[in-house]
Amino acid sequence: MATIDIDGVRKRFGNVDVLHGVDLTIADGEFVVLVGPSGCGKSTLLRLIAGLEDISRGAIRIDGERVNDLAPRARDIAMVFQSYALYPHMSVERNMDYSLRLRKTPAERAREAVEGAAGKLGIDRLLQRKPRTLSGGQRQRVAMGRAIVRTPKAFLFDEPLSNLDARLREQMRGEIKKMHQDLGATSIYVTHDQIEAMTLADRIVAMNEGLVQQIGPPRELYEHPTNLFVAGFIGSPAMNFIDATYRREGQNAFLVVGEKRLALDERDVADGTPVTLGLRAEDIAIDADPEDPGAIEATVELVEPLGLGTIVHVQALGTHIKALSLAVVEHRVGSRIWIRPHPEKFHVFEEATGRRLERKAQFAAELPA
């Protein structure tokens, strides 16, 4: 396997800058997921690593070797595409051993490699079938098997599950994670699906408009997003955002939202600064005690049963808010309820820059009378 170093990489198509200077080091055996909306530059970065596009500026090194000018096949990297890219006239076995035959690998070794990969992926009974007779999930396994038999320095995955239905995507996520655990392979995975990113990655690279917004373990991006973009992109349901004003009175800090004051711990920002309050749906209690000073009156707009819980959409604090309960909730649309956000879970972002405002002091449990 290999380390991959991306140093100040930029990419321009004509007069359009697509990547604005990406710096990233991927450790040997690490599984890194590039995530972001369409057009953020994640697939372009993957293609630069693979050698399918030329770098405008910067350098990419694989195991310390600068590969900017190396042809794709000289980089010893295997890529799994969204479209499978199988040869329709060849059997599964021939698709999987094609690269080995090009390398003049002895037939016995090639057969052992194919059978070993097929066994890991559960397609050993399909080796003599043609791609047209396979399901989408089976075809994706063949594409992965074709990459595995090469024993490359790194695996690149370009949205490999986007053509599959939801149930099959869930199954294939497990297959990919198991494959990575078994092989210990350096892997880079591109997706716009934040659930895939959260479940697969050792580290996530969140990208937007050609820039890296945050790099870190999934839990870190979820619990400590560095800015509004990461906070809104990571997590399902998406984080609630509410306009507010940060205020200080003596030793007490709080947020003003409409006519409501919400207790808060101190942040590194001036009194009176416009901010955005971020609330995750699971950090809002439903059916709170109306006498609780932190309770907020809300009107139910929509109830979404999930089986494992319920998402309740409400109108509160002058905006639309989603709250997630693990209990069965049967409130009628239009009914009045009370919700209570957990102040220790507040995310506060400076409105002008979108950056996260970190805590300076412990949470103030109560506001002065």
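Which residue of β20 stands opposite Val275? Glu350 in β20 is the one that faces Val275. Keep in mind that this is a predicted model, in which local features need pLDDT of at least 70, side-chain atom pairs count only at pLDDT 80 or more, and totals for chains, interfaces and linings use all residues. Residues are numbered from 1 along each chain as its sequence is written, and side-chain values use heavy atoms, with hydrogens and water left out.

**The annotated domain**
- UniProt, in an unreviewed entry, places the feature "domain: ABC transporter" at residues 4-234; such annotations may be inferred rather than shown by experiment.
- The span of residues 4-234 is 37% helix and 26% strand, where helices (H or I, at least four residues) and strands (E, at least two) are DSSP runs numbered from the N terminus.
- The C-alpha atoms at the ends of residues 4-234 are 25 Å apart.

**Strand β14 and its partners**
- Strand β14 covers residues 274-279, and five of its six residues are buried, so β14 is largely enclosed by the rest of the structure.
- Buried here means under 20% relative accessible area, exposed means over 50%, and partly exposed lies in between (1.4 Å probe, protein chains only).
- β14 runs antiparallel to strand β11 (residues 240-249), with six bridges joining them; two strands pair if DSSP finds at least two bridges between them.
- Pro274 in β14 has Thr245 opposite.
- Four bridges link β14 with strand β20 (residues 347-350), again in the antiparallel sense.

**A five-strand sheet**
- An open sheet is formed by five strands in the order β15-β19-β16-β17-β18, with antiparallel pairing.
- Its edge strands, β15 (284-286) and β18 (319-325), each pair on one side only.
- Neighbouring strands of this sheet are turned by 45° against each other on average, direction ignored; the axes are lines fitted to C-alpha atoms, for helices over the stretch in contact, and angles run from 0 to 180 degrees between N-to-C directions.
- Within the sheet, strand β16 (residues 296-305) and strand β19 (residues 336-341) are joined by four bridges, and Thr299 has Arg336 in β19 as its bridge partner.

**The largest pocket**
- The largest pocket holds about 640 Å³ of space.
- Of its 20 lining residues, Arg73, Ile77, Ala78, Ser99 and Arg150 are the closest to the centre.
- A pocket is an open set of points on a 1 Å grid over the protein atoms alone, with protein on both sides within 12 Å along at least five of seven lines, and lining residues have an atom within 4 Å of a point.
- β6 (77-80), α2 (92-102) and α4 (136-148) are the elements that give two or more residues to this lining, and α2 gives the most, with four.
- By class, the pocket lining has 14 nonpolar, two polar and four charged residues; Ala, Val, Leu, Ile, Met, Phe, Trp, Tyr, Cys and Pro count as nonpolar, Asp, Glu, Lys and Arg as charged, and the others, Gly among them, as polar.

**The cavity**
- One cavity of 30 Å³ or more turns up in a search of the whole structure, a cavity being a set of grid points where a 1.4 Å probe fits but cannot get out.
- The largest cavity has a volume of about 50 Å³, taken as the space filled by probe spheres set on the points, which are joined across faces, edges and corners.
- Residues lining the largest cavity include Lys120, Leu121 and Glu175, and α5 gives the most, with four residues.
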